[in-house]
Amino acid sequence: MKIKGHGSVRPVKNKKGEKVKNSWQLVVSLGEDPLTKKRVQKCRHFKGTKTEAKRALDEFVREIEQGLKLDADKVTFGEYAHQWLEARKTSGRFAPSTIERNNEILAYLLRHLESVSLGAIDTTTVRTLYITLAREGAGQATVQKASVLLKQIMRQAVNDDIVLRNPCDRVEAPKQQKSTRGTALDKKGVSRLMKALKEEESREYPLAKLPQQKHTADMAHVNVARIALGAGLRRGEILGLSWEDVNVEASEIHVCHTLCKTTGKLKSPKTASSNRVVAIDSQLMSDLMRWKAMQARYLLSLGISQNGTTPLITNEAGGRMDGGNLNRWWRSFCKRHGFEGLRIHDLRHTHATMLVSSGLNIKSVSSRIGHASVGITLDLYSHAQREDDKRAAAIIGKIMTEPAPKFGRVVNL
């Protein structure tokens, strides 16, 4: 967009339509927005004589032509970014985990831009920043997230009339890193994992001060792994389950909450599709019922009565389990049984991969694991369909190499 004309000075009128003495509105037209097709104007209120207002208009035009207000050089990126993040936090529209991630990525930007004035940030500054972050060892995903955050902050500076244009709009952002699938166990790996989980149930704790407490906590961990593998739930979804979410008669689990890893409180699932009912097999239901009985006995020893609102996965005090503690146990478990590098989330990947490779309808798999769209499932698990593709090649190859019948005929289809 460019300035159209030389701007205009318009008298300010009150509610009665009468002109207000020595009160003017300075208006500069920027033409039509190429995206919204709406007329774009920059306005400023001025008090003084009309002659003074005309001089102020000339100054206003010069500021816009330069792309920034005269006082933009007095506001540093660090000051404005902190203010932006605080406003984002107090708005209540963003989850604490989102604010925490914003703060982590902002640290990369502040390392280079904290003392730089907003008016000094141009396309060269932005382009150099991306290159510098990459050279310093920041991963592709980190640089991409930093570019998104910088663009959001500078867009708000435009909305606040501190800068006219967002310099990030003219710089090609780092290529967004595609989501990569995690490690998926094969059938032998699943069998070995199930055997290892079974061994945990008979594990002894001779050095533990409270062996019953230690054993019950470990059984809670074991059942997280079983649910992740058998139902394909996310870690937060499992930790957010209560016993009232388990339908024993129908062998189903209702996923209606997830545990926020930052606040430790329940919140709505990741997406609307994540709020779902997942069927589980009879063996997993039997394991959960055995765990429920064990949990009830342990909670009773603490003076807690198990009911529908009791967390399905509890910590040693009977409350909801912390994700960090679960991860520490999982790393220890994997080291003991030779599964180094395997994440809890990889059990969900294994669940989906097995279903896709077995030929189950991709839409059914997507609905079961709670993806927002079938496209996400296809992107993540297309590798699992290679086996089907090989079978298809074998079928067509067999047809093509079969000898022709002695007396064949052409059939119109």
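**Figure 1. Cysteines in the predicted model.** Cys-168 has a relative accessibility of 4% in this predicted model, so Cys-168 counts as buried, the cut-off being under 20%. Cys-260 is buried as well, and its relative accessible area is 4%. How many disulfides does a search of the whole structure find? The search finds zero.

**Figure 2. A cluster of aromatic rings.** Ring pairs join Trp-329, Trp-330 and Phe-333 into a cluster. The structure holds three aromatic pairs. In one of them, the ring centres of Trp-329 and Trp-330 are 6.2 Å apart and the planes stand at 45°, so this pair is tilted. Trp-329 and Trp-330 are both buried. Trp-329 also pairs with Phe-333, and here the rings are stacked, with 5.1 Å from centre to centre and 20° between the planes. Phe-333, like Trp-329, is buried. Why are Trp-329 and Phe-333 separated by about one helical turn? The two residues are four apart in helix 10, which spans residues 323-337, and therefore about one turn of that helix lies between them.

**Figure 3. Arginines over phenylalanine rings.** Two views show an arginine placed over a ring face. In one view, Arg-88 lies over the face of Phe-94, at 3.9 Å from the centre of the ring. In the other view, the ring belongs to Phe-339, and Arg-192 lies over its face at 4.1 Å from the ring centre.

**Figure 4. The second largest pocket.** This pocket has a volume of about 370 Å³. Its lining is made up of 13 residues. Which of them lie nearest the centre of the pocket? They are Val-158, Leu-164, Arg-165, Asn-166 and Asp-169. Two elements, strand 3 (39-47) and helix 5 (140-159), each give two or more residues to the lining. Helix 5 provides the largest share, which is four residues. Sorted by type, the lining of the second largest pocket has five nonpolar, two polar and six charged residues.

**Figure 5. The largest cavity.** Rolling a probe the size of a water molecule over the atoms shows where empty space is left. In this structure there is one cavity of 30 Å³ or more. The volume of the largest cavity is about 40 Å³. Which elements give two or more residues to the lining of the largest cavity? They are helix 7 (211-231) and helix 9 (282-301). The residues that line the cavity are Gln-213, Thr-216, Ala-217, Trp-291, Tyr-298, Leu-299, Thr-314, Asn-315, Glu-316 and Gly-318. By type, the lining of the largest cavity divides into four nonpolar residues, five polar residues and one charged residue.

Figure 6. Gly-189 is part of helix 6, which covers residues 187-201. Is Gly-189 buried or exposed? The relative accessible area of Gly-189 is 8%, so this glycine is buried. In sequence, Gly-189 and Thr-350 are 161 residues apart. In space, the distance between Gly-189 and Thr-350 is 9.8 Å, taken from C-alpha to C-alpha.

Notes
Residues are numbered from 1 along each chain as its sequence is written. This is a predicted model: local features need pLDDT of at least 70, side-chain atom pairs count only at pLDDT 80 or more; totals for chains, interfaces and linings use all residues. Side-chain values use heavy atoms; hydrogens and water are left out. Rings of Phe, Tyr and Trp (its six-membered ring) pair if their centres lie within 6.5 Å; planes under 30 degrees apart count as stacked, over 60 as edge-to-face and the rest as tilted. Buried means under 20% relative accessible area, exposed over 50%, partly exposed in between (1.4 Å probe, protein chains only). A charge sits over a ring if NZ of Lys or CZ of Arg is within 6 Å of the ring centre and within 35 degrees of the ring normal. On a 1 Å grid over the protein atoms alone, a cavity is a set of points where a 1.4 Å probe fits but cannot get out, and a pocket is an open set with protein on both sides within 12 Å along at least five of seven lines; lining residues have an atom within 4 Å of a point. Grid points are joined across faces, edges and corners, and a volume is the space filled by probe spheres set on the points. Ala, Val, Leu, Ile, Met, Phe, Trp, Tyr, Cys and Pro count as nonpolar, Asp, Glu, Lys and Arg as charged, and the others, Gly among them, as polar. A disulfide is a pair of cysteine sulfur atoms within 2.5 Å.
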